[in-house]
Amino acid sequence: FPFPYAPYPIQEQFMEALYGALEAGRVGIFESPTGTGKSLSLICGALSWLRDWEEKRRQEEARLLALGAGGQDGLTPQQVRPGSADTTGQPDWVTAFVQKKEERDVVDRLKEEQVRRKKREDRLEKIRHNVQLKYAAKRKRCEEDEAKRLLQLSKEALSQGTGEGVLDQLDHNEEELILAEYESDDEKKVVSGLEEDDDDLEEEHVTKIYYCSRTHSQLSQFVREVQKSPFGKDTRLVSLGSRQNLCVNEEVRRLGALQLINDLCMEMQKNKHEKKSDEGKKRRVSHTVCPFYSYEQMQFLRDEVLVEVKDIEQLVSLGRETKACPYYGSRFAIPAAQLVVLPYQMLLHEPTRNAAGIKLKDQVVIIDEAHNLIDTITCIYSAEVSGSQLCCAHSQLSQYMERYRKRLKAKNLMYIKQILYLLKQFVAMLGGNMNQNPGCQTVSQTGTVLKSINDFLFQSQIDNINLFKVQRYCEKSLISRKLFGFVERYGGPTSAVKTSKENQKLSGLQNFLLTLQQGSDKEATPQSPPVEAEHNQFRTASPLMQIEGFLSALTNANQDGRVILNRQGTVSQSSLKFLLLNPAVHFAKVVEECRAVIIAGGTMQPVADFREQLLCCAGVDPARIVEFSCGHVIPPENILPIILCSGPSNQQLEFTYQTRDLPQMMDETGRILCNLCNVIPGGVVCFFPSYEYEQQVYGHWEKTGLLSRLAAKKKIFQEPKKANQVEQVLVEYAKCIKRCSQTGGQMTGALLLSVVGGKMSEGINFADDLGRCVVMVGMPYPNIRSPELQEKMTWLDKTMPRTAGQAPSRVLTENLCMKAVNQSIGRAIRHQKDFASILLLDHRYTRPAIFNKLPQWIRERTQVKPAFGSAFADLRK
């Protein structure tokens, strides 16, 4: 394997195992601790396989083409014996003829592919070596812009002379708020999408690797690793992202909310195609066509992307410079790309995947940072709507229907009425009534009820409505976008539309809802007048958009999900939530279509739930699954994991819900930390099972004076509740440790009190002095009382087999707990020379079922200490 430096032995093992899994078309679960160069191993292992595979295919093609050119008979291994009839009873000459025809077709297809590939390679080669080409394209753009500007000026000059008659007394801006005539798919004739030359679009998807990770920053980091790797120069890589990250049209970007950006973008494209076909009609679409959606420029962008590896930031600046849309330009590059880098959502969510033009058939997928894969899929497919959103959408939609009733076609009215009916029934399910203010209606039976999808549909009396059709209507007609435009124009408290008595009542409700919405949104300040709200950068999407997500969730199969009715206080505080129980149904597609799937992460332990809940449920043959786990690159003496069973005053450590609030438990925890801070240099990170418990302990230490004793040795930092303050706390924490190590005095560093599963437990590195010791207080079991978890546990017990005498629900809670622990304690060791101690405070960690779920490289070196004395001596050493 080509590698930028001499790889560690474990990196070589990792790459060999990866290569083998890709070659054999397996589903692999790969674990390689953070700090062992996992990304580089993934890049070099996977791209080496891809290079060899392409070479083999080239040779195979050359062989077939040579045979085809030689016009030899009997190309196939199954030579036909004269005079025999084959099993289907066909005479052999018919069989032979059919085989010949198939072979000729294969050869013809190969020839076409070769021509296309040659064309692409020549084009990219040209761009690589020809600077003038770039400038020619740029100059052409400038000329076009100038011509457009002049044309616009002359049009304006003409129109000023003549006052145009206004249609139906509607403001011409309002024209675009009206829904276009809707034909459902059954009635549609096939309309071609792109008018321009299609031969480039039809390009064959070459065998490629889809690499996905959780966040955009992780993807950018990965792309930078590719740039540094030996494959950085000659790999065709494309980064995909959401419109929020890739859009370069300022008018669209400033909408802020992803759903709004998506909808406006789609509408602009629709307008572009309509503009071409409806030149005759007087329809004002001048400002609603996106200037960046230019086919030529996007093709240019596509080629630029394929010539040189670029990350998202570079892609966006290239889009600005070339006046081409990076979002669509990057999609055009998918067929020819060898490595496609994309966020989870885009790969795992089927509608998004199809919209992006991602074809998984026979491709390779690598899912990195996959320790939370099951939760991620569950979240992507779950949806929640509140009572106030339902009422708000109902009020907006009825006003919209009133105002444009005369202009809307029958099909549109029918669907709008269906949506209004659905909203009314949903509110009734929450115990509310549409005609009253939702904020003042108290709910009689509060609490949480779970229902199967079918029960929910029957009880809300909507089982006779075809949700698939309603969902398709929402998608195609862009109704939520039109509604948003309508509310932006008339929803402001000042300009409520007053057409009838009914509407006056509604506009009152509308005003009330607006104040509600402003109260709940941190971004919109209640005192800002509507004009200012217009420029407010982040506006909330219209409530109907959220509701569309909930409707599409209801189209899942009955056994795979539940609807949770959460009735709280008033109707507007209550909510309906769809919970996906079986993530495997949505993952099955990926596993079936792909040639190979690799699920990789720093800590994948415990692996069992990937096997059972995700892969076996998705119908993967157990023989196809391979597991690989490697140790760490640090020498054994660089890490000291200890399970501590009792504290300095011999208090047994057991932090259960019943015992953890006892003063003696909190005192003992404080004493242990005091002792640690006396001997450990630099930073100590202490994880608590929950934010509430951390606050409680902190308060107790303040009262008993323990806090001031701690503060004498280490400056104390607490994990903030707000995500936007995390960065600042970390910077201060690092500064303090650096200052202490330089000045040398009483203070030896800092103590950071964090929360498991919080902002600090994932993706943040406590390398070197930032984390010389990680302490885990108790066992962070999930909250068993949460209805979602209870439902998931019941479902698992019904559908999964018992393993080793344990109920699946019990295994689930243990796995969730240990996954969280492993994520948190893996933060301290970040590279080969790093060293740290890990302290698990709870005797329950010694139970075999729990102990065996620690990552192998930590488990092998863990010591169990019944008493504090000997543990302290080892730590000191």
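Val-685 stands opposite Leu-752 in strand 15, and this pairing belongs to a run of 7 bridges that join strand 13 to strand 15 (residues 749-755), the two running parallel. Strands here are DSSP runs of E with at least two residues, helices are runs of H or I with at least four residues, and both are numbered from the N terminus. Two strands count as paired if DSSP finds at least two bridges between them. The model is a predicted one, so local features need pLDDT of at least 70 and side-chain atom pairs count only at pLDDT 80 or more, while totals for chains, interfaces and linings use all residues. Residues are numbered from 1 along each chain as its sequence is written, and side-chain values use heavy atoms, with hydrogens and water left out.

Strand 13 is mostly covered, with 7 of its 7 residues buried. Buried means under 20% relative accessible area, exposed means over 50%, and partly exposed is in between (1.4 Å probe, protein chains only).

Next come the nonpolar cores, which are sets of buried Ala, Val, Leu, Ile, Met, Phe, Trp, Tyr and Cys residues joined through side-chain atoms within 4.5 Å. The largest has 126 residues, and those with the most contacts inside it are Ile-367, Leu-373, Ile-416, Phe-426, Phe-456, Phe-550 and Phe-587. Helix 16 (residues 410-429) gives the most to this core, with 10 residues. Apart from it lies another core, of 36 residues, with Ile-209, Tyr-211, Val-223 and Ile-598 among them.

What does Phe-550 touch, not counting residues up to four places away in sequence? Its list runs through Ala-383, Val-385, Phe-426, Phe-456, Val-563, Leu-576, Lys-577 and Phe-578. A contact here means heavy atoms within 4.5 Å.

Leu-614 sits in helix 24 (residues 608-616) and is buried, because its relative accessible area is 0%. Leaving aside neighbours within four places in sequence, Leu-614 is in contact with Leu-373, Ile-374, Ile-377, Pro-583, Ala-584, Phe-587 and Asp-609. Leu-614 and Val-585 are 29 residues apart in sequence, yet 8.6 Å apart in space, C-alpha to C-alpha.

Ser-382 has its place in the loop between helix 14 (373-381) and strand 6 (383-386). With a relative accessible area of 18%, Ser-382 counts as buried. The side chain of Ser-382 makes two kinds of reach towards the backbone: to the oxygen of Thr-378 at 2.6 Å, and to the nitrogen of Leu-580 at 3.3 Å. Such polar contacts are pairs of N or O atoms within 3.5 Å; within protein, one must be able to donate a hydrogen and the other to accept it, and residues adjacent in sequence count only if both atoms are side-chain atoms. Beyond its neighbours within four places in sequence, Ser-382 is in contact with Phe-578, Leu-579 and Leu-580.

Aromatic rings turn up in pairs as well, 21 of them in the structure. Rings of Phe, Tyr and Trp (its six-membered ring) pair if their centres lie within 6.5 Å; planes under 30 degrees apart count as stacked, over 60 as edge-to-face and the rest as tilted. Phe-868 and Phe-872 form a stacked pair, at 5.6 Å centre to centre and 20° between the planes. Both lie in helix 33 (residues 868-876), 4 residues apart, about one turn of the helix. Phe-868 is buried at 7% relative accessible area, and Phe-872 counts as buried at 15%. Elsewhere, Phe-14, Phe-30 and Phe-628 form one aromatic cluster.

Charges also sit over rings, meaning that NZ of Lys or CZ of Arg is within 6 Å of the ring centre and within 35 degrees of the ring normal. Arg-595 lies over the face of Trp-53, at 4.6 Å from the ring centre, and Arg-785 lies over the face of Tyr-657, at 5.4 Å.

Finally, two loop residues show a positive phi without being glycine. Lys-323, with phi near 55°, lies in the loop between helix 10 (312-322) and helix 11 (326-332). Lys-323 is partly exposed, at 39% relative accessibility. Asp-362 has a phi of about 60° and lies in the loop between helix 13 (350-355) and strand 5 (364-367). Asp-362 is likewise partly exposed, with a relative accessible area of 47%.
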